[in-house]
Amino acid sequence: MEPEFRKRAVERQRGHWYEDFEIGREFVHHWGRTINESDNSLFSTLTLHFNPLYFNREFAVAHGHPREQVNPMLVFNTVFGLSVEDLSENGAGFLGVDELTYHSPVYPGDTLTARSTVLAARLSSKNPQQAICTWHTKGFNEHGRLVIDFKRTNLIYRRPAAKD
């Protein structure tokens, strides 16, 4: 006998398919993420980034910052992560990042948001069920200031054929 919760469950399609990525289409990614001090300290420690700029307020102030700076790799991973549901949830493989640029420092307490624009989309020459898509992703702080941007490319599945 099937459990009651499965009877009520509704399957929800997540992500987008190759056919959804028209060149020039912009995706405004959900929610955003506020980076706090513990996010920054834990990330920097776990990834062995022992630059005192990321965890020593006095050091950061002595070097012209108002406080400790958020580790730039945490900024990148956060903005990248915000884009996954819209762009690569149906991805077959990550192919790389190009032209990564940090524009402004991020500090604990800043809230990051992201949006992406489709730059290129083509069918794979090796697998007819896959395509290659490239997006330009931009990350902003809560004041709308551009803090990071990059281009990334993924293999993406094509929309499955309709079942009869």
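Let's start with helix 2: its face turned away from the buried side carries the exposed residues Leu42 and Leu46. The model you are exploring is a predicted one, and the exercises below walk through two parts of it.

**Exercise 1. Find which residues of helix 2 are buried, and work out why they line one face of the helix.**

Solution. 
- Step 1: Go through residues 37-46, which form helix 2, and pick out those under 20% relative accessible area. They are Asp39, Asn40, Phe43 and Ser44.
- Step 2: Look down the axis of helix 2. The buried residues fall within an arc of 115°, so they line one face.
- Step 3: See what this buried side meets. The buried residues of helix 2 pack against strand 2 (33-34) and helix 4 (72-87).

**Exercise 2. Describe how strand 5 is joined to strand 4 and to strand 6.**

Solution. 
- Step 1: Begin with strand 5 itself, residues 130-140. Of its 11 residues, 10 are buried, leaving the strand mostly covered.
- Step 2: Turn to strand 4 (residues 111-123). Strand 4 and strand 5 run antiparallel and are joined by 10 bridges; for example, Ala121 has Cys133 of strand 5 as its bridge partner. The hairpin between these two strands passes through 6 residues.
- Step 3: Now take strand 6 (residues 146-157). Strand 6 is also antiparallel to strand 5, with 11 bridges between them, and Tyr157 of strand 6 stands opposite Gln130.
- Step 4: Finish at the hairpin of strand 5 and strand 6. There are 5 residues between the strands, and Gly144 in this hairpin takes a positive phi near 80°.

Notes. Residues numbered from 1 in each chain as written. Predicted model: local features only at pLDDT ≥ 70, side-chain atom pairs only at ≥ 80, totals over all residues. Heavy atoms only, no water. Buried < 20%, exposed > 50% of the residue type's maximum accessible area, 1.4 Å probe, protein only. Helix = DSSP H or I, 4+ residues; strand = E, 2+ residues; numbered from the N terminus. Arc of directions from axis to C-beta. Contact = heavy atoms within 4.5 Å. Pairing = 2+ DSSP bridges.
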